[in-house]
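Me: I am new to this structure and would like to go through it step by step. Please show it first, and then take my questions in turn.

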Amino acid sequence: MSRFGSFSARLYRGEVSYDIVGRRKWWYALSGIILLAAICGLGIRGLNLGIEFKGGAEFKVPASSCTIPQVRDAVSAANVQNAKVIELGNKSIQVTTEALTPLQSTNVVTQLSTTCNVGRDSIGVQLVGPTWGGEITKKALLG
């Protein structure tokens with residue numbers, strides 16, 4: 001039997017004990033340090049709110065038809081700045097942007113369709129407004 005297995009078996013049988021309650025101040029201090037690190041992490045980095053809360057546009061292109069640099073170039077050609085392009089497994093490439101007008105959205109789909117040589121129907125489009133996210137955030141803060 002492994003060393004850990006024998007220790008846990010002896011602990012279970014009551015042959016060995018560990019004084020957790022007697023060292024409660026140490027455990028409180030450890031919990032406090034972990035909690036402080038988590039709060040500092042939130043304070044320094046903040047929350048990374050997704051498209052559901054900020055609003056924006058999301059386009060998905062089949063990965064087999066395009067590469068990430070080609071998708072970036074197509075989105076830039078549609079005059080859209082600050083687009084985030086990531087590959088979702090080997091199935092599709094996702095482009096996330098800030099809120100777009102219908103004309104800008106149509107331009108992005110056209111550019112992606114032309115660049116990646118796929119039909120417009122193959123490109124998944126999701127336009128999300130910030131209203132829902134604002135309502136949820138407000139409810140969470142107010143209780």
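Reply: Before the questions, one definition is needed: a contact means heavy atoms within 4.5 Å. The model is predicted, so local features are taken at pLDDT of at least 70 and side-chain atom pairs at pLDDT 80 or more, while totals for chains, interfaces and linings use all residues. Residues are numbered from 1 along each chain as its sequence is written, and side-chain values use heavy atoms, with hydrogens and water left out.

Me: What share of the contacts with a separation of 6 or more joins residues 24 or more positions apart?
Reply: The contacts considered here are those in the protein whose partners have a separation of 6 or more. Among these, the part that belongs to residues 24 or more positions apart is 66%.

Me: In what order do the elements of the protein run from the N terminus on?
Reply: Helices (H or I, at least four residues) and strands (E, at least two) are DSSP runs, numbered from the N terminus. Counted in this way, the protein has 6 helices and 4 strands. Read from the N terminus on, they follow the order α-α-α-β-α-β-β-α-β-α.

Me: Which two cysteines form a disulfide?
Reply: A disulfide is counted where a pair of cysteine sulfur atoms lies within 2.5 Å, and by this rule the count comes to 1 disulfide. One of its cysteines lies in the loop between β1 (56-62) and α4 (68-77) and the other in helix α5 (residues 102-116), so the pair ties together parts that are 50 residues apart in sequence. With their sulfur atoms 1.9 Å apart, the two are Cys66 and Cys116.

Me: Why is the disulfide of Cys66 and Cys116 left-handed?
Reply: In general terms, a disulfide is a covalent bond between the sulfur atoms of two cysteines. The disulfide of Cys66 and Cys116 is left-handed because the torsion about its S-S bond is about -90°.

Me: Is Cys116 buried or exposed?
Reply: Buried means under 20% relative accessible area, exposed over 50%, and partly exposed in between (1.4 Å probe, protein chains only). Cys66 has a relative accessible area of 6% and is buried, whereas Cys40, at 39%, is partly exposed. At 2% relative accessibility, Cys116 counts as buried.

Me: What distance separates the C-alpha atoms of Ser65 and Cys116?
Reply: Ser65 lies in the loop between β1 and α4, where it is partly exposed with a relative accessible area of 25%. Not counting residues up to four places away in sequence, Ser65 touches Gln70, Cys116 and Val118. Although Ser65 and Cys116 are 51 residues apart along the chain, their C-alpha atoms are separated by 5.5 Å.

Me: Which residue forms a salt bridge with Arg13?
Reply: A salt bridge is a side-chain nitrogen of Lys or Arg within 4 Å of a carboxyl oxygen of Asp or Glu, and by this rule the count comes to 1 salt bridge. With the closest N and O atoms 3.0 Å apart, the partner of Arg13 is Glu15.
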